[in-house]
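Dear colleague,

I am handing over a structure for you to look through, and my notes on what was found in it follow below. Please read them with the structure open beside you.

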Amino acid sequence: MARHWTRRQVLAQAGIAAAAIHTLDPHELCCAPPAHAATHDKDLFELKKVGDGVYAAIAAPAYKVNSNAAVIVTNDGVIVVDSHSKPSAARAVYQQIQAVAKQPVRKIVNTHFHWDHWQGNQVYTSSGQAVEVIASERTKENLTRPDAGVGGVPFIAKQLAALPAEIETLKQEAGRATDPQTKSRIESNLRQAEAYLDELKQLKPALPTRTVSTTQTVTEGGRDIQLHVLGRGHTDGDLYIYLPKEKVVVTGDALIDWMPFLNDGYPEEWVRTLDALERLDFTHIIPGHGDVLPKSHLAFFRGYLSDLIAGVKKAASDGATLDE
Ligand SMILES: [Zn+2]
Ligand SMILES: [Zn+2]
């Protein structure tokens with residue numbers, strides 16, 4: 001009798017592209033390499049102009065990784081896509097926004113439910129202005145679903161439970177380190193982990209106030225902003241923000257600069273969803289992590305996913321599929 005593996009088991013068993021698959025530890029960093037840079041608030045993000053009134057806030061490597069943000073300035077207010085892993089990071093971006101736009105932030109869009117993309121929402125919603133938080137219907141559900149994966153309100157409690165042990169391990173590693181460079185890197189990570197724990201204890205989750213379940217256009221201050229629900233991929237609720245005039249698309253982690261995080265994903269459907277994304281007319285991608293990318297990166301990224309799926313299928317010779 002054929003064994004029926006879950007998608008995660010197939011990915012884990014196949015043993016290929018181990019770096020992309022990561023481990024199955026739910027407390028693991030989502031989506032990007034855990035870097036070890038000592039980063040000050042003012043250096044957390046580099047704001048890059050991508051089009052007229054469109055900016056990418058590119059996150060610097062950090063021990064507790066931050067997502068990028070996209071900043072869309074209209075005549076009537078600013079729309080920010082994604083709010084990173086912590087309020088201090090969102091505040092750092094907010095300060096940079098104020099340098100390029102005189103308008104208040106009116107809308108936050110969360111591309112998906114992962115912890116490193118929404119935990120800073122409260123910075124905008126507590127600004128005293130009326131701020132809408134927009135996400136897909138599925139992402140809103142995932143943000144409160146206990147078994148959703150690496151994000152949402154229940155995942156905050158999981159992180160709070162895991163962080164003291166993580167901090168203790170870092171302390172021990174710092175104590176054992178003899179090489180000054182290694183010691184200083186671990187001590188920086190330790191400071192970041194402790195600061196992150198403090199922030200997480202105070203976190204006031206700001207959940208979506210408006211959801212979309214099919215593609216729709218939001219007109220804000222004379223600018224057309226399309227919100228696309230294209231299918232499952234990195235998660236089952238990925239939202240793409242598309243600016244047809246400026247030919248820019250904001251993809252969250254459904255399209256990033258390097259290897260994707262797969263644990264909450266649907267690899268085979270992801271490839272088809274990227275086909276649908278490719279049909280949009282754009283030149284620039286603001287990804288969830290990494291620098292601004294040209295449209296040609298989509299084919300490269302999709303090719304990587306396809307190769308990964310082919311490798312897994314070859315390994316899973318008993319007929320299990322990725323979507324099981
Ligand atoms: Zn991410
Ligand atoms: Zn993600």
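Helices H9 and H10 are roughly antiparallel to each other, because H9 (residues 267-278) and H10 (residues 297-315) pack at an angle of about 160°, with their axes 9 Å apart. Angles over 145 degrees count as roughly antiparallel, where angles run from 0 to 180 degrees between N-to-C directions and axes are lines fitted to C-alpha atoms, for helices over the stretch in contact. Helices are DSSP runs (H or I, at least four residues), and strands are too (E, at least two), numbered from the N terminus. This is a predicted model, in which local features need pLDDT of at least 70 and side-chain atom pairs count only at pLDDT 80 or more, while totals for chains, interfaces and linings use all residues. Residues are numbered from 1 along each chain as its sequence is written, and side-chain values use heavy atoms, with hydrogens and water left out.

The crossing of H9 and H10 is left-handed, that is, the near helix is turned anticlockwise from the far one by less than a right angle.

H7 passes H8 in a left-handed crossing, and their contact includes Leu-163 and Ile-167 of H7 together with Leu-190 and Leu-197 of H8. The residues of that contact divide into 12 nonpolar, three polar and six charged.

Note on methods:
Chains are lettered from A and ligands numbered from 1 in the order in which they are written. Contact means heavy atoms within 4.5 Å. Ala, Val, Leu, Ile, Met, Phe, Trp, Tyr, Cys and Pro count as nonpolar, Asp, Glu, Lys and Arg as charged, and the others, Gly among them, as polar. Angles under 35 degrees count as roughly parallel, over 145 as roughly antiparallel, 65 to 115 as roughly perpendicular and the rest as oblique.
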